[in-house]
Amino acid sequence: MYGRLSHEDELAGDSNSIINQRKILTKYAEENGFTPYEFIYDDGYSGADFERPAFSQMIEDVEAGKVATVIVKDMSRFGRDYLKVGLYTEILFSEKDVRLIAVNDNVDTARGENGFTPMMNLFNEWFVKNTSKKIRAVWQSKGKSGERLAVIPPYGYRKDPDNPKQLVIDEESAANVRRIFRLSVEGYGPAQIARLLNGEHILNPSGYKYEHGIVKKARSCKDPYFWNTTTVHKILDAPEYLGLTINFKTWSKSYKDNRPRLNPPEKQLVFEDSHPAIIDPETWDIVRSMRQHKRRAPRYGNPGLFSGVAYCSDCGAKLYFYTRSIKNKWGTRYEGSYSCSE
């Protein structure tokens, strides 16, 4: 017996609650002799998402031949994608001889095909498509008005308890942000800063947010105290620390393909003084200048003295020092030269 509840379903009332679905399915199973049974569910997952944990486990059990019958309250609980629902119910379930019952939709594959089932699946997909369109319109309106769209606050901030739409400085983590910028001004590179923080056993941003209740679920991280170079890069490149809100950084094609894609700068909206700044403009400019003129280290040996500082007299691009290895019978030696291109 499978149940599913999305955030949109919660707004529609109690009829689709997990408790209500369990009551309906348990009653149906016991009255019709479907024992033994197991009730599994996904709470907070859209019907367009077929990577739901309980759903995925159910499909694995079906493929392994452990399931004889799947019972749902209605077809929309199974999913809201016409093609994918058909793939599972009409192909996989048929191949594995699994019976599907949707109680409220009067669907039971043991009685033969229901001609209205494909139509119901189309309506279920139309519902999630229409809901997605409405949500996009709401988010567009919020984003254009300057309301912050990102749900999780940047490291160094937390939501104001009195106004969750507003960010306030989280002094404990903000101290680490200021220190990272200060170390960068002093000439430390991101890799050096990461090693320093690792040596002091400081919680990384994901670990800190989880430990302090800023987020409810921890990201899959083996060590919450491990800082990598990428994390330091992201902090040093985040304009939010100047008190800016940047909306529409990413976009997605549709509710079926919601992979985030970067928006070009001209399509992003920037709002100044939307929250307290952690880093002052002078420090930000110094770090930007130093990172732009950072010498690119060669693969072997030491960087040239003028790498990233001198410019090509022909094209005006920066010159970088590159090395190449030359192997012979006496071993390997390295030669280097300046170039304005890779």
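Residues are numbered from 1 along each chain as its sequence is written. In this predicted model, local features need pLDDT of at least 70 and side-chain atom pairs count only at pLDDT 80 or more, while totals for chains, interfaces and linings use all residues, and side-chain values use heavy atoms, with hydrogens and water left out.

**Figure 1. The chain as a whole has 11 helices and 13 strands.** Helices (H or I, at least four residues) and strands (E, at least two) are DSSP runs, numbered from the N terminus. Of the 342 residues, 37% are buried (under 20% relative accessible area; exposed is over 50%, partly exposed in between; 1.4 Å probe, protein chains only). Contacts are heavy atoms within 4.5 Å. Among those between residues at least 6 apart in sequence, 59% join residues at least 24 apart. The chain exposes about 21,000 Å², with 52% supplied by carbon and sulfur atoms (Shrake-Rupley method, 1.4 Å probe).

**Figure 2. His275 lies in the loop between strand E11 (269–271) and helix H11 (281–292).** His275 counts as buried because its relative accessible area is 7%. Its side chain reaches the backbone oxygen of Glu240 at 2.8 Å. Beyond its neighbours within four places in sequence, His275 contacts Tyr157, Gln166, Leu167, Glu240, Gly243, Leu244 and Thr245.

**Figure 3. Phe55 and Phe78 are one of 14 aromatic pairs in the whole structure.** Rings of Phe, Tyr and Trp (its six-membered ring) pair if their centres lie within 6.5 Å; planes under 30 degrees apart count as stacked, over 60 as edge-to-face and the rest as tilted. The pair links distant parts of the chain: Phe55 is in helix H3 (residues 53–63) and Phe78 in helix H4 (residues 75–78), 23 residues apart. Both Phe55 and Phe78 are buried.

**Figure 4. Phe181 and Tyr241 form an edge-to-face aromatic pair.** The centres are 6.2 Å apart, and the planes make 80°. Phe181 belongs to helix H7 (residues 171–185); Tyr241 sits 60 residues away, in the loop between helix H10 (229–236) and strand E8 (245–247). Phe181 is buried because its relative accessibility is 0%. Tyr241 is buried too, at 2%.

**Figure 5. Ring pairs link Tyr2, Phe50, Phe55, Phe78, Tyr88 and Phe93 into a cluster.** The charged end of Arg52 sits over the ring of Phe50, 5.0 Å from its centre. That charged end of Arg52 also sits over the ring of Phe55, 4.6 Å from the centre. The criterion is NZ of Lys or CZ of Arg within 6 Å of the ring centre and within 35 degrees of the ring normal.

Terms used. A polar contact is a pair of N or O atoms within 3.5 Å; within protein, one must be able to donate a hydrogen and the other to accept it, and residues adjacent in sequence count only if both atoms are side-chain atoms.
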